[in-house]
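Here is a short report for a first look at this structure. Keep the sequence and the 3D view at hand while reading.

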Amino acid sequence: MWPRIGGLRALALGTPGELRTRLNTLVLSGVKTATAGLVQEYDDENEELEYVGERLVLVDDDDALVGVVEVTGVEVVRFADVPWDFARAEGEGDRSIEEWREGHGAYWARQGTPVTDDTRIVCLRFRLVSTEGSVGT
């Protein structure tokens with residue numbers, strides 16, 4: 001089960017350290033409005049997919065709140081079918097869907113979960129609703 005803060009599920013982007021800090025900064029600046037996850041991670045943690053309207057607590061390396069996002073879209077697609085408009089919304093600077101696939105494939109492989117074209121990906125879209133305040137805002 002994923003951590004909860006104030007009754008809301010935590011959204012911990014990337015891996016702790018420089019990557020998480022960079023991704024959180026992109027969210028807080030409004031550049032990053034989407035993130036991709038593996039359906040397998042949800043299954044492994046016995047977690048349900050997020051739903052439109054759900055609020056999530058964006059957390060730092062210490063699981064401290066840095067912001068709250070509201071889910072605006074959830075779609076499960078094959079890795080090979082992740083659309084460019086979604087990849088661009090991740091705001092990580094990829095210049096093409098091929099570059100996005102290469103980078104994300106390498107990231108998941110480093111985490112011990114290599115992906116194939118058929119790996120099921122959760123494409124999560126969100127909007128920032130508050131920063132460093134109460135989870136109830």
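## A buried salt bridge

Arg-9 and Glu-47 are both buried, meaning under 20% relative accessible area; exposed means over 50%, and partly exposed lies in between (1.4 Å probe, protein chains only). Their side chains meet in a salt bridge, at 3.0 Å from N to O. The pair links distant parts of the chain, 38 residues apart. Arg-9 sits in strand β2 (residues 8–11), while Glu-47 sits in the loop between α2 (39–45) and β4 (55–59). A salt bridge here is a side-chain nitrogen of Lys or Arg within 4 Å of a carboxyl oxygen of Asp or Glu. Helices (H or I, at least four residues) and strands (E, at least two) are DSSP runs, numbered from the N terminus.

The model is predicted: local features need pLDDT of at least 70, side-chain atom pairs count only at pLDDT 80 or more, and totals for chains, interfaces and linings use all residues. Residues are numbered from 1 along each chain as its sequence is written, and side-chain values use heavy atoms, leaving out hydrogens and water.

One network of them links Arg-4, Arg-9, Glu-47 and Glu-54.

Asp-118 forms a salt bridge with Arg-78, with the closest N and O atoms 2.7 Å apart. Asp-118 lies in the loop between α4 (97–110) and β6 (120–131) and Arg-78 in strand β5 (residues 65–78), so the pair ties together parts 40 residues apart in sequence. Asp-118 counts as exposed because its relative accessibility is 52%. Arg-78, at 32%, counts as partly exposed.

Glu-99 and Arg-95 also meet through their side chains, at 3.3 Å from N to O. Glu-99 has a relative accessible area of 26%, so it is partly exposed. Arg-95 reaches 70% and is exposed.

## Strand pairing

Two strands pair if DSSP finds at least two bridges between them. Strand β1 (residues 4–5) pairs with β2 in the antiparallel sense, over two bridges. Ile-5 has Leu-8 in β2 as its bridge partner. The hairpin of β1 and β2 has two residues between the strands, and Gly-6 there takes a positive phi near 55 degrees.

What direction do β2 and β4 take relative to each other? They run parallel, joined by three bridges. Leu-11 stands opposite Leu-58 in β4.

## Aromatic rings

The structure holds two aromatic pairs. Rings of Phe, Tyr and Trp (its six-membered ring) pair if their centres lie within 6.5 Å; planes under 30 degrees apart count as stacked, over 60 as edge-to-face and the rest as tilted. Phe-79 and Trp-108 form an edge-to-face pair, 6.2 Å centre to centre with 70 degrees between the planes. Phe-79 is in the loop between β5 and α3 (84–89) and Trp-108 is in helix α4, 29 residues apart. Both Phe-79 and Trp-108 are buried. Phe-79, Trp-100 and Trp-108 form one aromatic cluster.

## A nonpolar surface patch

Leu-49, Val-52, Val-74 and Val-76 form a nonpolar patch on the surface, with about 280 Å² of accessible area together. Patches are made of residues with over 30% relative accessible area and no salt bridge: like charges are joined within 9 Å, nonpolar side chains (Val, Leu, Ile, Met, Phe, Trp, Tyr) within 5 Å. Accessible areas come from the Shrake-Rupley method with a 1.4 Å probe; for residues, only the protein chains shown count as cover. Leu-49 is found in the loop between α2 and β4. Its relative accessible area is 33%, so Leu-49 is partly exposed.
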